[in-house]
Amino acid sequence: MTPNKEDYLKCIYNISISKEKVTNKLVAEIMNVSKPAVTEMLRKLVNSKLIEKDNSKGYTLTEEALILVSNVVRKHRLLEVFLLEHLAYPTNKVHEEAEILEHAVSDFFIDSLDKMLGYPNKCPHGSIIPQKNIILEDDIVLLSEALQGKIYYVKRLSAKKEITDYLLGEGIKLGSKIIIKEKSSLGKIIKLEVDELTISLSDHLASHIFLATNNL
């Protein structure tokens, strides 16, 4: 499995979390590559039986691909823990470094790292670290897609430093209790209660906050 193919599979998985349909256009925008290049790669992944084309959901990962993605995510998140706890990396730097290293380290290295770290279950951004060869199941929803009036808790923030810094400045952190009070479709502004404080966010910023209905 090449690093490029792994990145495509991760991209499809990440889109499927927040969007109803995974399209060539969305993949091209996120991967920052041309649509013809995306079309060609998706064709190869279909032929390799790693993804399937569905009329309503667009491109979906097969079970084999889901396990591959879960193992890459496991590498990435364990590396983030290592960089933060043992190399004193700042939180806003661990993601980009792990993006590079996840393709370079072996499964044996990651298994040894997992043991050394004491088998952590969360990465520095609050996301679940999946077990080896077990399909990742992050029960999360984007704030921009969350239901009005329902109680949620922040499980993950954007890996982009400038966005994370802004959200932290607004009082939004891991574990924060959030209730959406009002959604304005016209201005795409979301009014919400965060730990009993009322703030407003743009739909764009809301798409960088991941929520769950429990605070475990």
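Which residues in α4 meet D107, F109, I110, D111, L113, D114 and M116 in α6? They are R74, K75, L78, L79, F82 and H86, where a contact means heavy atoms within 4.5 Å. The structure is a predicted model, in which local features need pLDDT of at least 70, side-chain atom pairs count only at pLDDT 80 or more, and totals for chains, interfaces and linings use all residues. Residues are numbered from 1 along each chain as its sequence is written, and side-chain values use heavy atoms, with hydrogens and water left out.

**Confidence and elements**

- The protein chain has an average pLDDT of 87, and 94% of the residues score at least 70; pLDDT is the predictor's confidence in each residue, from 0 to 100.
- Helices (H or I, at least four residues) and strands (E, at least two) are DSSP runs, numbered from the N terminus.

**The packing of α4 and α6**

- Two packed helices are described by the angle between their axes and the distance between the axes.
- The axes of helix α4 (residues 63-86) and α6 come within 10 Å and cross at roughly 50°. This angle makes α4 oblique to α6.
- Axes are lines fitted to C-alpha atoms, for helices over the stretch in contact, and angles run from 0 to 180 degrees between N-to-C directions.
- Angles under 35 degrees count as roughly parallel, over 145 as roughly antiparallel, 65 to 115 as roughly perpendicular and the rest as oblique.
- The crossing of α4 past α6 is left-handed; a crossing is left-handed if the near helix is turned anticlockwise from the far one by less than a right angle, and right-handed if clockwise.

**The sheet**

- An open sheet is formed by six strands in the order β3-β8-β4-β5-β6-β7, with antiparallel pairing.
- Two strands pair if DSSP finds at least two bridges between them.
- Strand β4 (residues 151-157) is joined by three bridges to strand β5 (residues 177-184), and the two run antiparallel. I151 stands opposite I179 in β5.
- Between β5 and β6, which also run antiparallel, there are six bridges. K183 has I190 in β6 as its bridge partner.

- Strand β6 (residues 189-194) runs antiparallel to strand β7 (residues 197-202), and six bridges join them.
- I190 has L201 in β7 as its bridge partner, while I189 has S202 in β7.
- The two strands β6 and β7 form a hairpin with two residues between them, and D195 in the turn has a positive phi of about 50°.
- In a regular strand the side chains alternate between the two faces of the sheet.
- In β6, the covered face holds I190, L192 and V194, whereas the uncovered face holds I189, K191 and E193.

- I180 is found in strand β5, and its relative accessible area of 1% makes I180 buried. Buried means under 20% relative accessible area, exposed over 50%, and partly exposed in between (1.4 Å probe, protein chains only).
- Leaving aside neighbours within four places in sequence, I180 is in contact with L143, A146, L147, Q148, G149, K150, I190, K191 and L192.
- From C-alpha to C-alpha, I180 and P90 are 31 Å apart in space, and they are 90 residues apart in sequence.

**Loop residues**

- K49 lies in the loop between α3 (35-47) and β1 (51-54). With 62% relative accessibility, K49 counts as exposed, and K49 has a positive phi of about 60° although it is not a glycine.
- Y119 is in the loop between α6 and β3. The relative accessible area of Y119 is 54%, so Y119 is exposed; Y119 has a positive phi of about 55° although it is not a glycine.
- S106 is in the loop between α5 (91-101) and α6, and its relative accessible area of 39% makes S106 partly exposed.
- S106 and Y13 are 93 residues apart along the chain, and their C-alpha atoms are separated by 22 Å.
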